[in-house]
There are 2 protein chains.
Amino acid sequence: MDVKIKVKKYIHDNRNQTVTLLQKLVQERSISGNEAPAQEIVIHHLNHLGLKVDVWDPDIDEMKSSPFFITQRDSFSNSPNVVGVLEGTGKGKSIIINGHIDVVPEGERSQWTSDPYSGEIIDNKMYGRGTTDMKGGNVAALLAIEAIKMSDVQLKGSVIFQSVIEEESGGAGTLAAILRGYDADAVLIPEPTKMKIFPKQQGSMWFRLKVKGRVAHGGTRYEGVSAIEKSIAVIQHILKLESLRNERLLNDPLYKGVPIPIPINIGRIEGGTWPSSVSDLVTLEGRFGVAPDETMENAKEELENWISRLAEQDEWFKDYHVEIEYFGARWVPGSIELDHPFMSTLSNAFMNVFEKDPIIEASPWGTDGGLFTQIKQMPTIVFGPGETKVAHYPDEYIDLDELFRCAEIMAYTILDWCEVNE
Amino acid sequence: MDVKIKVKKYIHDNRNQTVTLLQKLVQERSISGNEAPAQEIVIHHLNHLGLKVDVWDPDIDEMKSSPFFITQRDSFSNSPNVVGVLEGTGKGKSIIINGHIDVVPEGERSQWTSDPYSGEIIDNKMYGRGTTDMKGGNVAALLAIEAIKMSDVQLKGSVIFQSVIEEESGGAGTLAAILRGYDADAVLIPEPTKMKIFPKQQGSMWFRLKVKGRVAHGGTRYEGVSAIEKSIAVIQHILKLESLRNERLLNDPLYKGVPIPIPINIGRIEGGTWPSSVSDLVTLEGRFGVAPDETMENAKEELENWISRLAEQDEWFKDYHVEIEYFGARWVPGSIELDHPFMSTLSNAFMNVFEKDPIIEASPWGTDGGLFTQIKQMPTIVFGPGETKVAHYPDEYIDLDELFRCAEIMAYTILDWCEVNE
């Protein structure tokens, strides 16, 4: 029997136990710091498949020297990274499939229709935090590897499956895997792209602006300067920068039809202490989208220069500078050449399953992919099942059919890329 | 010896013990809920002067029926009101002198040059929370009454000194005193007007607006609607209402030279939960200035109608109404006719001391005065020593010379208004 038919049949026949595995993973609330129980399930499964398993707690001291290291944590003790290797016989191209095990917190429970950690299935969709982002993608990858392993196929190149921590807070888990020496000829990250192929990934960084005013009693507010009114000017100024930066991507085919390829989102505002006082400080916090072929440094420089130009339109800002700081998470951008062989391997696998061309776009958000390309020049593609729009939101879900089709595509990709040893 | 000369001499000779009394009062941190120790000092002093003293904890249940009642507290137990009466011999006009004993919290201590409750004196200025707002005014009134009492003068009308709680949070203390039956032919409130006479007092109320958006991931922010951007439109709309309302007062001589007689101050803004998400809710909190001859109801109605007109400029607001609520403190406006005899009595006393015309203006902030005029039609004037601009701020202080001159003016006012029984 043709290998691909065998693999396809295996995937079809093993849907139920795959659903059970995903359900078990979703039922573990693997937010940052609480990844161990979910990783235990992954470890158990990898051992069951007979892969070579590597489990370690990333070492903060070791990572600190990397300019790509970012964390809000003091330690990753009891937050293991897990890697399972299906070793090739040699002379083939290797692949890393990288997925994160951490999920963002569920938020306000009242906004969920049911328990965010139930893994409940309705109409062939599994609901729960992490179904789409990205335990579904991880399970699809595991099923692809299992299907190959159980079909008695020997690959020339190795398949390295990575279940990493800390993607949601800037990529310390993937960085640790890279620093541990894991390397491959290509990387696939099954983040929820809704089965679109993302050869370019947007980077992003968080920034904080402090806009100053001068306090006064609200009854004589003309004696003060409202930081709230000044922050309106700052927000409008930033919207102009967003327009300028996005004009440059107008002709990029991967951003065709995307209204704002690299948005600057001001997501939080807070200022003033008392309704009856003129506020003397407003803090704005936002996410700054970084273009796939831009560096973080250039992006920061452009933001800083732009903010300093506020003084040209209002003298106030000359004496009361808007302060900028960067904080929290950060994802470096990444990209692979569109004519790279790994692109055609994946596209062919897609066409095999769907019998149509894949949609190729650039990602609207950052992933760990940028780390692979920027640190080790590993060609990386983001492609996976799941609904981007429900990631991080209540009633997150994944379409199980999509998950199984993705497993098929991943299996074909592995077979073609790593090559079968006849 | 002429009574006025006697009184003036008494005030001059008793500066030191008056300073000590003020210092003791300032050293008690009489924020809302902690007024008792400061009131003890007032009670002791009133007893020492031989006034008829009335001390009671206002009863919340009794006050609840009044439409003017407002509080954030559950009980006023151990937060006494204190009244001391210097009874007249009869047939004269009576006067209430009303001052509040509560102070606003000191805020960030690091912003104070020294201990906010020291009562330290530098260059004839006493520093500390409550010096200006308004323990200085209270002590000036007490000295005026003492000077009359100790000069063996008998008044026809009674002098009712009220040391009330809760002015800073909307006037429950003064309301309790009115409901207890205290009444007079005129009321003087020695709030810090920097010795200007305020026959009209602005009212004010706090309002809260909830501006809605629609959540989305920051990387695809065009899929959402930013409540932060929508709130810019709301703030600008409110600034227009402020202009409209203040145009009406353009020709009021009492607001001559005041850039914005009845400001609408948006003092707080808060919205969004995450830098990478489009915010779906922004809360604005502000203070709405109410004109002296306007009712609170009309002011609210105008605000509500104006906010509803947002939908004319942006369809979004048609489906996502901006919600309005009123909360926290509220001060009703008040005014006295400019030709009321009490106005000329006070103005004459002022000219007696300063040998020049007083400045007559409308207050930029609310006081308890509105309660006296709106509930019992008592003619009320706000006039007192102290720097408006340092009230509620770090390094609050009062000029002691101003305090003594105010005591003199108050004593002459009492003598003329209540009349001396020869």
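Buried, in these legends, means under 20% relative accessible area. Everything shown comes from a predicted model.

**View 1. A:Thr345, a buried residue on a helix.** Here we zoom in on helix H11 of chain A, which runs over residues 341-354 and holds A:Thr345. With a relative accessibility of 12%, A:Thr345 falls in the buried class. Leaving aside residues up to four places away in sequence, A:Thr345 touches A:Thr413, A:Asp416 and A:Trp417.

**View 2. Strand S3 of chain A, tucked inside.** S3 covers residues 95-100, and six of its six residues are buried, so the strand is largely enclosed by the rest of the structure. In a regular strand, side chains alternate between the two faces of the sheet. In S3(A), A:Ile95, A:Ile97 and A:Gly99 point one way, while A:Ile96, A:Asn98 and A:His100 point the other way. Both sets are buried.

**View 3. The strands that pair with S3(A).** S6 of chain A (residues 159-164) pairs with S3(A) in the parallel sense, over six bridges. Look for A:Ile97 opposite A:Phe161 of S6(A). S7 of chain A (residues 187-189) also pairs with S3(A) in the parallel sense, this time over two bridges. There, A:Ile96 stands opposite A:Val187.

**View 4. Chains A and B around their rotation axis.** Within chain B, the residue that comes closest to the axis is B:Glu270, its C-alpha at 2.2 Å. The copies meet through the same surface, because 100% of the interface residues of chain B are also interface residues in chain A.

Methods
Residues numbered from 1 in each chain as written. Chains lettered and ligands numbered in written order. Predicted model: local features only at pLDDT ≥ 70, side-chain atom pairs only at ≥ 80, totals over all residues. Heavy atoms only, no water. Least-squares fit on C-alpha atoms with pLDDT ≥ 70 in both. Contact = heavy atoms within 4.5 Å. Helix = DSSP H or I, 4+ residues; strand = E, 2+ residues; numbered from the N terminus. Buried < 20%, exposed > 50% of the residue type's maximum accessible area, 1.4 Å probe, protein only. Pairing = 2+ DSSP bridges.
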